[in-house]
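Trainee: I would like a close look at a single part of this model. Please take me through it in one go.

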Amino acid sequence: MTKTYQDLLAEAYDQIATLPTELAMALVDDPDTLIVDLRDRRELEREGKIAGAFHCPRGMLEFWIDPGSPYHKPVLAEAKQIVFYCASAWRSALATKTAQDMGFDNVAHIEGGFSAWRDAGGAVEQVAAK
């Protein structure tokens, strides 16, 4: 193995923007910001999500953000800042790096992820089971 997940995370953290939870909270109602939850559907159903966040499973990110993909989601192509989060900021760090590598320049992720958000008293909405 030439790179570990720690290596990938360290590379990502050196190249991406990480938003403190308090700053991310201030962006929830910003019409120029899209907050994206990367967690698995089961996590959303169990814990809820940031109020108003768009759900994009991490495994679909590359397909949903690429306008040339048959799975593209137009909401991810709007001229907005995209702020990713996951449970503890590992998946979101890698997702932010991936989005940058794919040409997105106005992307960041939330420091500490959903856990930090919830602990700081951020607004959470429940997600019904499918």
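Trainee: In which helix is the place of Trp90?

Mentor: Trp90 has its place in helix α5. A word on the basis: this is a predicted model, where local features need pLDDT of at least 70, side-chain atom pairs count only at pLDDT 80 or more, and totals for chains, interfaces and linings use all residues. Residues are numbered from 1 along each chain as its sequence is written, and side-chain values use heavy atoms, with hydrogens and water left out.

Helices (H or I, at least four residues) and strands (E, at least two) are DSSP runs, numbered from the N terminus. Start with the sheet. It is open, has five strands in the order β1-β6-β5-β2-β4, and its pairing is parallel. Two strands pair if DSSP finds at least two bridges between them. At the edges are β1 (17–19) and β4 (54–55), each pairing on one side only. Helix α5 (residues 90–101) packs on this sheet and touches β1, β5 and β6 (107–110). Contact means heavy atoms within 4.5 Å. The direction of α5 makes about 180 degrees with that of β6. Axes are lines fitted to C-alpha atoms, for helices over the stretch in contact, and angles run from 0 to 180 degrees between N-to-C directions.

Back to Trp90. It counts as partly exposed because its relative accessibility is 46%. Buried means under 20% relative accessible area, exposed over 50%, partly exposed in between (1.4 Å probe, protein chains only).

Compare Glu43, in helix α3 (residues 41–47). Glu43 counts as buried, because its relative accessibility is 11%. Leaving aside residues up to four places away in sequence, Glu43 touches Gly48, Ala87 and Arg91.
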